Amino acid sequence: MTEPIRLARPDVGEAELAAVAEVVGTGQLTMGPKVEEFEHAVADAVGTAHAVAVSSGTAALHLALLALEIGPGDEVLVPAYTFPATANAVELCGAKAVLVDVDPDTFNLDVSSVADAITPRTRAVMAVHLFGRPVAWEALRTAVPREVALVEDAAGALGASYRGTPCGALGVAGCLSFHPRKIVTTGEGGAVTTDEASLDAAVRRLRHHGWATLGDMPAPGFNYRIPDLLCAIGIPQLARLEELLAARERVAGWYTERLGQHVRTPSAADGDRHGWQAYVVQLDRRDEALDVLRDAGIEAQIGTWALHHLAPYADQGSFPGADHAFEHALALPFATATTEEEVERVTRVLTSL
């Protein structure tokens with residue numbers, strides 16, 4: 001029987017095992033010194049003054065928006081093609097997630113559509129570096145009034161860069177995820193990165209019930225803390241960030257070499273570095289390809305969601321770019337440990353259609 005090929009596999013091993021054992025031995029399982037160590041490593045990797053580790057990428061999005069005091073009556077522009085957490089975080093603040101179409105070639109925000117969607121109520125734009133491809137930042141910044149905050153959903157873009165600046169350091173705040181499909185994982189977890197001391201302080205309060213200091217709670221907050229146990233996994237992961245990204249670049253190269261003449265393959269713009277959270281191609285007969293791959297024991301899935309096809313966001317009109325991406329995008333098996341033989345097997349199936 002042919003060995004199945006998994007969609008994704010976290011790259012964890014002895015270093016992570018030893019780090020977890022060390023924390024278990026201390027008895028300090030919840031938020032403690034490993035969280036602070038991990039935060040310093042995240043800030044160093046992104047190049048920001050601050051990083052606040054939280055329980056998930058969704059928590060990072062939620063807290064970044066709340067720290068910007070976004071709430072009822074406000075609008076936040078969100079790509080119509082993205083994981084629903086991006087829009088959900090806006091709605092959970094009491095604000096309105098206003099969908100904006102995407103460029104079907106890059107999967108990222110269509111800048112001209114952003115400019116058209118700005119209203120006096122617009123407080124922020126959620127700029128998603130989808131699957132690790134950096135947003136065209138200068139064009140986006142030019143299209144948006146200075147008073148509108150640019151918040152990066154960099155959940156899949158740790159290690160990516162726009163013209164030499166790391167994703168997560170471009171906007172007023174960056175939101176990272178450490179889910180097992182991401183390049184660096186803590187199992188579950190996220191972080192908010194920023195150069196703004198006031199935002200850093202607000203996110204820290206909000207993740208820990210609203211406490212500013214012991215006995216001082218200016219406003220209610222959440223339990224969005226991340227434990228030492230999980231940060232212990234992330235610390236050796238971050239130390240290997242460049243190694244992990246180089247491995248993903250190598251796997252992406254194998255795919256592109258074999259599939260470039262058959263399907264639309266992903267890439268970054270000249271001068272940018274892709275973060276390679278996933279390898280997502282576009283092809284006709286996507287659903288047929290998905291079924292054939294699965295029948296061959298190969299895990300694959302759609303790229304992500306066109307939000308206007310989901311009930312909470314179904315009343316905002318048509319988004320042809322998002323529809324095209326939703327109908328054509330296919331995520332292939334992709335991990336640092338994906339072998340060339342596995343890539344060859346995947347591509348044989350795809351090119352036989």
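A residue is called buried under 20% relative accessible area, exposed over 50%, and partly exposed in between (1.4 Å probe, protein chains only). The model is predicted: local features need pLDDT of at least 70, side-chain atom pairs count only at pLDDT 80 or more, and totals for chains, interfaces and linings use all residues. Residues are numbered from 1 along each chain as its sequence is written, and side-chain values use heavy atoms, with hydrogens and water left out.

**Exercise 1.** Determine whether Thr86 is buried or exposed, and describe its surroundings.

*Solution.*
1. Thr86 belongs to helix H4 (residues 85-92); helices (H or I, at least four residues) and strands (E, at least two) are DSSP runs, numbered from the N terminus.
2. Its relative accessible area is 2%, so Thr86 is buried.
3. Leaving aside residues up to four places away in sequence, Thr86 touches Leu61, Val78, Met126, Val128 and Asp153, where contact means heavy atoms within 4.5 Å.
4. The side chain of Thr86 makes a polar contact of 2.7 Å with that of Asp153 and one of 3.2 Å with that of Thr82. A polar contact is a pair of N or O atoms within 3.5 Å; within protein, one must be able to donate a hydrogen and the other to accept it, and residues adjacent in sequence count only if both atoms are side-chain atoms.

**Exercise 2.** State the strand order of the open sheet formed by three strands.

*Solution.*
1. The order is E10-E12-E11, with antiparallel pairing; two strands pair if DSSP finds at least two bridges between them.
2. Strands E10 (279-282) and E11 (301-302) are the edges, each pairing on one side only.
3. Two bridges link E11 to E12 (residues 329-332); Gln301 has Ala331 in E12 as its bridge partner.
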